[in-house]
Amino acid sequence: MTRDAHPTAGRPVLEIRGLSVAYGTGDKAVQALDSVDLTLHRGEVLGLAGESGSGKSTLAYGATRLLPPPGVITGGEVLYHPRSGPPGDLLSMSDDQLRSLRWQDLSIVFQGAMNSLNPVSRISDQLTDVIRAHQPDLPRTERLARAADLLRLVGIARDRLDDYPHQLSGGMRQRVMIAMALALDPDVVIMDEPTTALDVVMQRQVLARLGELRDRFGFAVVFITHDLSLLVEFSDRIAIMYGGRLVEEATAQEIYRLPRHPYTHGLLNSFPALRGERRELTGIPGSPPDLNALPPGCILHPRCAHAMRVCSGRPPELATPPADAPSARTVACWLHHPLAAAPAHLTRSADENGS
Amino acid sequence: MRFVLQRCAFYLLTAWAAITVNFFLPRMMPGDPVQALLARYQGRLSSEARASLTVLFGLDTDQSIWSQYVSYWDRLLHLDFGLSFTFFPTPVADVIAGSLPWTLGLVGATTLLSFLLGTAAGVVAGWRRGSWADALLPVTSFVSAIPYFWLGLIAISLFAVKWPLFPASGGYDNALIPAFDAYFVPSVLHHAALPALTIVLSAMSGWVLGMRNMMVTVSSEDYVTVAHAKGLPERRVMLGYAARNAVLPSVSSFALSLGFIVGGTLLVEMVFSYPGIGFILFQAVGAKDYPLMQGIFLIITLTVLAANLIADTVYVLLDPRTRREG
Amino acid sequence: MKPLLSSVKTRTGLGVLLLFAVIAVIGPWIAPHSPSAMSPDILQPPSARHLLGTTQSGQDVFSQLLVGTRGVLVVGFLSAVIATVLSCVVGITSGYLGGLADETLSATGNIFLVLPGLPLIIIIASLLPESGNLVVAAVIGLTGWAWGARVLRAQTLSLRRRDYVTAARAIGEPTWRVIVVEILPNLSAVIISSFVGTVINAVLSVITLSFIGVVDLSEWNWGTILFWAQSNQALAQNAWWWFVPAGLCIALLGTALALVNFGIDELVNPRLRIPHATVSRGQRRRLPAPARRRTYMRVGFTAVLPDTAVPRPPDAPASAPPQPSAADFVPLGSPAAVKELT
Amino acid sequence: TSSPNAGRGTAKGPGGGVLTIGMPSGPQSENHNPFLNTSAGAALGYRHMMYEPLAMVNPIRPAEKPKPWLAQKWEWSADYKTLSLTARPGVTWSDGKPFTAEDIAFSFDLVKRHPSLNGSAVPYDSVKVQGDSVVLGFETPQFVNEANILSLFQVPKHIWQEIEDPETWTNPKPVATGPYTLDRFTPQGVTLKQREGYWKEAPEVGELRYTSYNDNTAATTALANGTLQWSFVSVPNIDKVYTSKDPAHHKAWFPSGLGIHGLWINTERGPFKDRALRRAVNLVVDRQLIHQQGQYGLAPAVESPTGIMLPAGEPFLAPQYKNARLKVDVPAARRILKEAGYSLRDGALHDPGGERVEITLTDPAGWADYLADLDIIKAGMEKLGIKAAVRTQTVEAWTEAFNNGEFDGTMHWTNGGSTPYDMYKNILDQEQLQAIGKPAAGGNQGRFTSAAAGRAITAYAAATGDDARAEALGTLQKIMVEEVPMIPTHANALGAEYSTKQWTGWPDEADPYAPPQPTQANSLDVVLHLRAAS
Amino acid sequence: MPQRTHHQAPPAALAAHALTKHYPVRRTARDLTSRRTRRVHAVDALDLTLHAGRVTALVGESGSGKSTVARLLAGLEPVTSGTVSLHGDAVRIRNYRSFRAYCADVQLILQDPFASLNPVHTIRHHLTRALKLHRGGMKGARLARALDELLEDVQLTPAARYLDKYPHELSGGQRQRVSIARALAARPAVLLADEPVSMLDVSIRLGVLNLLRRLTDSRDLAVLYITHDIASARYFADTTSVMYAGQMVESGDSESLTQNPAHPYTRLLISSAPDPDGPPEEEVPSTDSGDPPSLISPPPGCRFHPRCPSAMERCRSEQPPRAGLGDGRWVACWLYADPAGETATAREQEPAS
Ligand SMILES: Nc1ncnc2c1ncn2[C@@H]1O[C@H](COP(=O)(O)OP(=O)(O)OP(=O)(O)O)[C@@H](O)[C@H]1O
Ligand SMILES: Nc1ncnc2c1ncn2[C@@H]1O[C@H](COP(=O)(O)OP(=O)(O)OP(=O)(O)O)[C@@H](O)[C@H]1O
Ligand SMILES: [Mg+2]
Ligand SMILES: [Mg+2]
């Protein structure tokens, strides 16, 4: 795939800085995200993985201010960099500013396509109303033509325009959502587990189409999924989350070949491969952290085989490990501190790795 | 189409059962119309009148309940409801025809109005949950808990007696002849204003609450969030996405509420001396007027069934998911 | 039950309800006069002697109100019990069994829905030789179950397909146990809520019936007070104290029940419960106008807390923390959790 | 404009202004058949403004001779088996045709042929026309039915002879001899307009507007604010609610006829089987309180122990009861009980057999006045130590229990009539006597057994002379006073509320020429007396 | 995990022959009036055998009838036709008693760990009911011991910590293990596990699978493992069968089936599965008509033919027979049915790996 084709590629388009999100306020609040920093560059696919409940969806919706109550953003900023002009902070925009930015520049594909479409109105209406809202001058016929074009892009015949959502199969609905996300040619598309409802055959088709479209239009994608194989295959960079924090971020191949964080390593050792050698699967012992009673220090330490005293005392910071010094990859783990004696499988360098 | 046919079959069955119940219920009541009439006149009709009334009402013929049932159906199918006892010898059909339009006009219109207003208020209250609109809730539940007749009587004593803004009773100025003209129509509206106001007030709150809760529920559906994400104007999200879906359950209870109207009608018509069918039914029950009771019950049942059928159809139109192909 | 009590609305509602319940029990004892006792004080306005004045025949309205509470509550709750039991039996059975049994039962329910309620009650009530409170409660209960049955049937239909019901069947539970032990408890919120709704309805029905004089007037309830007030044209006589308090009591009782129902609704549908404001009113007032709107919890525009609203933990270190020392980097060995799954 | 409503509401009839009349009868359906008590004409009373009787009987002065109306004069044969009536000349029907003896004969023949129209069940035998007179023949003496016969509505033969089924005919275009004709009908009310060519002096009231209200409250409201000028409704606290709103004009007068209300008691079963108890209770019923509270001070209390209302029945009183008056006398009642062997223990009355005396009083739920009366009676009984309870029933159950004799005591009415005979027959009729459990719909539901009463009733009806009648009536009064088969309480009032603001000339205490009720036959007489207020 | 190769298949524990399930489209009395009865052909003439001590995986498209097969085998729904035999005896469920006897031997774990526990009951209730029903009315100390053992089996220790919890207080993996414990309480001979791990993330998923595998080995259980995750079938099951549109299209030893898929659908399935070390991109077939077939009026002949890249004329009209590929593997496809060049054709079509 040719991924760096676009001229503006490589510049940041969405910058999340210190985003914190809680569910509820007061004593009963659950801190679901704790100061997450993440940068999305133009034209790239950023994969987001992690245990269920680690805050992936919260990050996606929090950054766009679409988190339903009782979700509350408790801090940070989300900067959107338009193609030209100064960046704006989504979190301090007024409703109207936010509305005009949404979908035009930043669109989102929600988890269940079944629930994302208004069950009582036609596909065409749902495709055109967004066009009308953002480009009020476009005549109706042109809006319809654009809707038909969009459907064609995702491989659905234009005669399905007048259908209602329930008349489409799950895969088709998912593709309609993708088409809709692209309706205004946005810079950023966020996709939250867009394919979990589909079987592998359908999933493959949808992703293949998405890849083609991205090559054509050059939007950046935040892609959230549980399926590590899929993530590695599909994304440029991957960020791993654990307990509401980012624990590691690197290119897909780096994460897959050379995980630096014990948690990432554990994840990669939990899924069987379809081909090749049958490898030993070790999994991750213990159970997910309780967000209401997070352990002190590194929140993974009760489950970590390499935990040190410092791990239970102070939270590690996201930093580039010395071994990867010039690259942009980061990891939040004390094992990469100069004083620590990290196990070999987490510190191997690229040339040491056999593949 | 198939769906509609199925519903029709179902309605026919329900209609049959309801009509049969209509037949048996009054016949199970003790006492007879003559006694009831005498009791009603409390001594202003001498007991000698008994014999003549018995002959008059044709009550002296003995017939088995089964043959009565058969002839009941026979007459029904010929749209012959018999003669009313209370208004003897006026045909039941005429009595009903004289009162039904008033009920339909006043109660039908106000029920529709309160549904529309209540639903609209509910949409706003649900959408602006947590704002001033929430103060509406205790008020509405208080209003909906007030017995209708009480509200009506208070309204009369305030707005018809103390400050005589509206007439206290009747459907129109008695000096006028019913006609569509510049004298009669305003009189009808003026007379309907107070009852309508109280009906709307007390019936509206139920819709407000139901709609508000549905709005809150629907507002957190994914497609509403998607609509926000699409950057649509707020009105469009509120009406086109949230309200459009939230109104569905209200529509089906609206149909059923038509059945409950008639119960309320009785009180409206009693309190406001309104010339409608509810009060006639109340009189018929008191007077053991089987033919009239049956006629009214039949009309009510059929209207409710028809309203349900219409509501079902409307529901199908509103909710594409219920439309089945093939 | 706990989450139910946590709502202010519910607590208010339950409080008022409790007050009425206490009056229902002790009302006849604390009533200053016998409710039917006539006295020469005819149609007196409220005074210290007669807190709510007297009637046309010199009866004490306040006493009537106190004594009448029992009748209203007994009829309301008894008929709601009858209706709820019936609607549970019919609704759950037809929902669970499906097929012909379902068709028959829901057709029956629909007939009851189609027949106009109040006239039906009037007819049935006049069918019976006596029309005391218990009879009226039975009649209201017997005619008022259909709506609840419909709701419960729909709920049961959706519960029946839940996996845990299938799972219970799969381990060999007999049908009655599946219904009673697995399904019924999950319907409890719906049942309570429909119970409360039925109570409101039954109270309004019995009051209406008393008001139009269909039921036994020798048993006092608020409706009979209104009946006497109305047949003596209390309002025309400006005797508001005779007419108004009973109506307000009814509305108050109804409101209390509605408030309880709110709580139950919120229990069933937690989405209704979500708070709205994220910061105190004082804090909000200090914010600039555009930021103020951002602090409301709304769908589609997540609330953003202003920096001032999040108190920083007091022990947050102001200066850079001391660097960890080598001793901190000694491995601890496998934690306990690691052994759990291998 | 072409609208029929143009200028309505301010319209003046040919004879002048409008009189508004109303009854709380609920919505009406169009039916002007005068013979049917179910008609709108009967419910609102306007049938009397069109269809006239042969003579005008004044029920509040029953002893007076009826005023000749469409019959110029009438004459009984000595045995009271033949009545000859002379038609008034110069009377025309509202369609212009003359009124003749043929019409009278036709009217009598009509009710004879159709028992269902013969509301007072007069046993007509033969009807013959003799010149301008009609001769009615009967098989038995009919003195007691005189008023019923003379009150029969006269209908035009030329119209009614065409009607096959007069029972079910709603008479859409009434043709009658009265001063008013139907103008228009709506379920909510009726308007009558004065016609040309009435045989008497034309009334001053040009238009009659009848309104049917759904209940007493609505009618009272209309009365109070003056919209309604003439009505008969039970108004509580009438001073405050009605009269005081315009003391100069708002008037209410509730005179009585001979029909009464009272506590019917079961003399066949239960405690009231004992005459002593009946007499004792009769002495403790506070009739003034019933008049004041139960009847809102409208229907007068029964004063004579004979049950005959005064002053209407004054001429009928037997000499020994001329001055007898009922009054509450608890000690006397106690004395009677003591003499009969009753005992009072701890305030509770026990009968000679040692049983506690308990009585259940019943009436239909919702009949507010009766229930209030029962409460007062109960309070009286409690003074004697009787344990009394008031129970309500449905109207149906109550009617059935009443007819079947399955009650202890219940408020009920009696028949009225032009002599006390009708009331006594209703209470004491031995022909109607039935065992408990068998319906006695026609009378004597109290199951009072007395051969003497039976004889006196028969003797009165068959009597051909005033002395024989007086004697029979004396016997009945004696039975009533001494046996107390029923405890009379108050009159079946024939009263009304009326306003003198626009119209004067209403009947009142000073000039009781007619009962003021708008649904009585005499209402026509009242309207003819009305004069526009200056 | 050691690689298992069974040359001698152990005895069949549960076998289904010509199992068929059709659902009426709307199951109401009113349907009787219409002539045409439309039915969903959820499962059609399916043969399946589960062996003691072995795990059989069932994979296939969404909606292909996998769950239906599980429910039919568990006796929760009447079959339209076909037979099920347990330990060689035909199963006949006539009343509650016979069903209870049957479910003592055959237990089902439902697809969704979040939905299959009743939220209003504690873990103790769930497990106690299963024990009481199938282990002769246990009480007191015996019951307590049995509960401890059960939870220990699924490694929810200490048992006391979990017994009185409500389902919502447990994580998905813990709930899944409670469901398994409940199914095991009956000491069944056959365990039907319907997508037991679909909702879990990879690390929890792994724990559950390991547990099942261990129980199979230690108790000689026969397990049916229904899944979408073909890699886990390879890892975990001895035999794998592939379903398409209500029919079985291929079956055989898991390793060889996943590495060497024969049926075009199996090939599509396996090539579609994401794989970071995946085959080069041109391998991925790109068909756009990826929509599943209608089960109300399934395509005639081979049900896969509308989507099959190698569809032939006879595929459109005739149902393909089963062709043996040796080693207990078979495939229902015309490509392999030609008696003359059976192996040759098959080789040709096999993907190079
Ligand atoms: N409404 C809520 N109230 C309280 N806590 C919540 C709420 N919604 C989510 N959470 C918690 O927030 C955390 C993050 O949830 P989120 O949905 O972002 O996880 P996720 O990574 O998307 O998980 P999954 O992979 O299962 O979708 C979870 O621990 C969850 O329990
Ligand atoms: N009760 C039912 N009534 C009608 N059709 C049904 C019923 N249950 C299942 N079906 C249909 O039978 C077919 C097979 O369903 P089944 O649940 O067995 O599929 P599955 O292979 O388990 O799918 P998934 O992988 O999505 O769980 C589907 O088309 C489904 O719609
Ligand atoms: Mg998520
Ligand atoms: Mg399934």
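Predicted model: local features only at pLDDT ≥ 70, side-chain atom pairs only at ≥ 80, totals over all residues.
In the side chain of A:Ser57, an N or O atom lies 2.6 Å from an oxygen atom of ligand 1. A:Ser54 uses its backbone instead. One of its polar backbone atoms sits 3.3 Å from an oxygen atom of ligand 1. On its own, ligand 1 would expose 630 Å², and the protein buries 64% of that.

Now widen the view to the whole shell. Ligand 1 is surrounded by 14 residues. A:Gly53, A:Gly55, A:Lys56, A:Ser57 and A:Thr58 are the closest.

Next, move to chain E and ligand 2. Here 16 residues lie around the ligand. Those that come nearest are E:Ser62, E:Gly63, E:Lys66, E:Ser67 and E:Thr68. E:Ser62 makes a side-chain contact, with a polar atom 2.8 Å from an oxygen atom of ligand 2. Backbone atoms contribute as well. A polar backbone atom of E:Gly65 is 2.9 Å from an oxygen atom of ligand 2. For E:Ser64, a backbone N or O atom lies 3.2 Å from an oxygen atom of the ligand. Ligand 2 taken alone exposes 630 Å², of which the protein buries 67%.

Two elements of chain E each supply at least two residues of the shell around ligand 2: strand 2 (39-51) and helix 1 (66-73). The largest share, four residues, comes from helix 1. By class, this shell counts eight polar, four charged and four nonpolar residues.

Finally, turn to chain D and its sheet. Seven strands form an open sheet with mixed pairing. Their order is 8-9-10-1-11-20-12. Which strands stand at the edges? Strand 8 (180-186) and strand 12 (250-253) of chain D do. Each has a single partner strand, so one side of each is left without a neighbour in the sheet.

Look inside the sheet for one pairing in detail. Strands of a sheet pair through backbone hydrogen bonds, either parallel or antiparallel. In chain D, strand 1 (residues 18-23) and strand 11 (residues 230-231) pair in the parallel sense, over two bridges.

Technical notes. Residues numbered from 1 in each chain as written. Chains lettered and ligands numbered in written order. Heavy atoms only, no water. Near = heavy atom within 4 Å. Polar contact = N/O pair within 3.5 Å; in protein donor to acceptor, adjacent residues only side chain to side chain. Areas by Shrake-Rupley, 256 points an atom, 1.4 Å probe, with all protein chains shown as cover. Nonpolar A, V, L, I, M, F, W, Y, C, P; charged D, E, K, R; others polar. Pairing = 2+ DSSP bridges.
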